[in-house]
Amino acid sequence: DSGTVVILEPQTGRVLAMCGAPDFNPATYGQVEDAGVYNNTAIFSAYEPGSVFKPVTMAAAIDVGAVTPDSRFTDPGSVTIDEFTIHNAADKVFGNVSMIEVLEESINTGMVWVMRQMGSEVLHDYIQAFGFGEQTGIELKSEAAGNLSSLDERAEVYAATAAFGQGITVTPLQIVAAYAALGNGGVLMKPYIVDELRYPDGTIERTEPQPLGQVVSASTSTTIGAMLVSVVEYGHGKKAAVPGYYIGGKTGTAQIARNGTYSTTEFNGSFAGYGPIQDPKFAMIVKIENPKDGVIYAESTAAPIFGDIAKFLLEYYGVAPERAVE
């Protein structure tokens with residue numbers, strides 16, 4: 001139904017690209033079938049991100065020392081909280097796994113376990129520190145803040161579902177800004193689109209990059225980056241890989257809520273990541289709303305697009321390959 005791509009420069013917050021489809025022709029802006037095409041989906045359309053949110057939760061838990069990449073968890077396939085039962089995608093059971101494997105295999109129950117290790121209040125604090133629940137302040141109209149109100153509820157199930165990206169809403173711009181922070185030594189930067197303002201009198205007012213805070217430590221940034229590389233190398237992100245480079249990222253496939261219930265046939269697919277992992281030149285999100293023809297998972301929709309654009313970006317910036325191409 002729609003698609004969105006946002007690319008940021010992690011060290012500054014500069015928006016390198018922002019686009020969406022369906023679009024309209026500004027020269028014939030009145031000739032549209034749906035006024036919704038006027039909205040910038042990158043900032044206007046908040047959605048439940050699904051598993052693309054898991055690295056935020058994992059980074060928070062690592063940052064407070066609640067888990068390490070080697071911490072192990074035995075997955076029973078589901079977890080029941082109050083009267084609600086949370087399953088893994090396709091009802092899979094993974095058994096004894098590390099936190100690296102929790103991200104590689106995108107294990108929902110593992111993320112609930114991670115949330116419990118640090119506590120729901122800690123998770124809530126980190127989610128807010130990453131900028132979710134409020135506008136980024138980018139110089140564009142109609143920016144949504146997203147909705148974290150479920151995290152104000154005392155029932156544990158709300159924090160449990162938020163840990164894997166359901167029950168809260170975010171914008172694509174917020175997600176890519178969070179990933180940019182993970183790739184920028186843990187420093188969250190304010191996104192911006194205007195490099196400079198030039199006035200008739202010759203005065204030039206340049207935009208200075210604005211750090212919004214150290215949301216996780218530099219050590220956590222390095223650790224989560226390595227884990228995200230593993231997701232691309234060995235997990236569900238293989239189609240986002242670029243031969244010769246270390247790229248980190250995560251898939252997210254989330255059921256779309258319709259009239260208070262989750263659809264069993266409509267999904268949002270996202271892939272977010274950055275690279276090269278040692279010195280990221282870009283952070284990017286690709287979001288595909290309700291893909292057709294029976295294709296469900298983001299690894300087959302958003303991830304390949306991410307990989308194609310990432311390959312172009314690395315060539316565009318002239319980044320030398322980091323390793324031999326097999």
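Leaving aside its neighbours within four places in sequence, which residues is Met58 in contact with? The close-ups below, all taken from a predicted model, start with that one.

**View 1. Met58 and its surroundings.** Setting aside neighbours within four places in sequence, Met58 is in contact with Val67, Met99, Val102, Leu103, Met111, Val114, Ile224 and Met227.

**View 2. The largest nonpolar core.** Here you are looking at a core of 67 residues, in which Met58, Phe130, Phe132, Ile175 and Ile224 touch the most other members. Helix α7, spanning residues 172-183, gives the most to this core, with nine residues. Another core, of 19 residues, lies apart from it; Ile7, Val242, Ala310 and Leu313 are among its members.

**View 3. An open, five-stranded sheet.** Follow the strands in the order β2-β1-β13-β12-β11, with antiparallel pairing. At the edges sit β2 (15-21) and β11 (248-258), each of which pairs on one side only. From one strand to the next, the twist averages 10 degrees.

**View 4. Strands β12 and β13 side by side.** Eight bridges join β12 (residues 261-275) to β13 (residues 282-289) in the antiparallel sense.

**View 5. The largest pocket.** This pocket holds about 940 Å³ of space. Its lining has 35 residues, and His87, Asn108, Phe164, Gln166 and Gln255 lie nearest the centre. At least two lining residues come from each of β5 (84-87), α6 (156-162), β11 and β12.

Notes:
Residues numbered from 1 in each chain as written. Predicted model: local features only at pLDDT ≥ 70, side-chain atom pairs only at ≥ 80, totals over all residues. Heavy atoms only, no water. Pairing = 2+ DSSP bridges. Helix = DSSP H or I, 4+ residues; strand = E, 2+ residues; numbered from the N terminus. Axes fitted to C-alpha atoms, helices over the stretch in contact; angles between N-to-C directions. Core = buried A, V, L, I, M, F, W, Y, C linked by side-chain atoms within 4.5 Å. Buried < 20%, exposed > 50% of the residue type's maximum accessible area, 1.4 Å probe, protein only. Contact = heavy atoms within 4.5 Å. 1 Å grid on protein atoms, 1.4 Å probe; cavity = no way out; pocket = protein on both sides within 12 Å on 5 of 7 lines; lining within 4 Å. Points joined across faces, edges and corners; volume = space filled by probe spheres on them.
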